[in-house]
Amino acid sequence: MRSPKPDLTMTMEYITPEAAKRYLAANHPENRKVRRYWVKVLAGILKRGEYTPTHQGAALDIFGRLVDGQHRLLAIVDSGIGAWMWVCRGLPEHAFWLFDCGIKRSAADALGLSKDAAKVFRFIAAFVWGAPATHGQIKAIAESDLAAIHTDLVAFCPTTAKVFSTAAVRAAAVLTVAHDNNSADYVFRTYRALCLAEAKDLTAAGQSFLKQVFTGSVTATNHHELFARAWRLFSPENAKASRLVVKDHKPILTEVRAKAEAVLRPLAGLKAAA
């Protein structure tokens, strides 16, 4: 038997920063925590004119509360640039819980990690807390903000590359963004340009790194050296460097470990977790 037709409306609207603010003022009180780094990435897309409308937009429930689209709307506010998007109205109240914004990542999600994600989290845990990484440590990272950053990084560039999409490079990207949310747009674009070998979209240092890998002077076999070089490249303060030079990667690792420990401090109890 056919169910009743939902009383929903979908309209394509040009959302100005002012309109975005109005929608955000009615944000659902239990909406997911805002991922500021992802807002920066989306704002960067708008500023560069790369935004293209899709089926995704903003959604309001029967009470006029925003239940989906907060990151897209925040990006419009942050960038000061309007955009066309679909706006759905009239969703039933219980629909909110069907959105991933209302569902916390569970242990089952963690155990259902992709092989690549598990490698990244294992690398981070071993680097910060010492090898071998335990199941508890990997699970804790998988349920933290770092997992969301990794998911968004891969969504931004699903293409894999022999060296550039390895756990060491992705770990460097994830920790850089976790340490400084403002670096997200730069890090995500640099990671994508490396994986796609688009030298024109890289800084001079990025082109230097690309050349080092292509000529074989940098390989994926020395994970820590690769990680140190990637961290140096992803750091926005090195964006104007003429080339990527790492004579001794150990001091860099010491610096990064201290910053990574600060990021993972809420999980410090997992240092010796089984």
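The model is a predicted one, so to speak of local features a pLDDT of at least 70 is needed, and side-chain atom pairs count only at pLDDT 80 or more, while totals for chains, interfaces and linings use all residues. Numbering starts from 1 along each chain as its sequence is written, and side-chain values use heavy atoms, with hydrogens and water left out.

Strand 4 (83-91) turns up in two pairings. Helices (H or I, at least four residues) and strands (E, at least two) are DSSP runs, numbered from the N terminus, and two strands pair if DSSP finds at least two bridges between them. Strand 1 and strand 4 run antiparallel, joined by seven bridges, with Tyr14 opposite Trp84 of strand 4. Strand 2 (residues 58-61) runs parallel to strand 4 through three bridges; here Ala59 faces Cys88.

Tyr14 and Trp84 also belong to a nonpolar surface patch of about 510 Å², along with Met10, Met12 and Trp86. Such patches take residues with over 30% relative accessible area and no salt bridge, nonpolar side chains (Val, Leu, Ile, Met, Phe, Trp, Tyr) being joined within 5 Å and like charges within 9 Å. A salt bridge puts a side-chain nitrogen of Lys or Arg within 4 Å of a carboxyl oxygen of Asp or Glu. Areas come from the Shrake-Rupley method with a 1.4 Å probe, and for residues only the protein chains shown count as cover. Strand 1 gives the most to the patch, three residues.

Elsewhere, Ala133 sits in the loop between helix 5 (115-129) and helix 6 (135-142). Leaving aside residues up to four places away in sequence, Ala133 touches Arg122, Ala125, Ala126 and Ile138, contact meaning heavy atoms within 4.5 Å.
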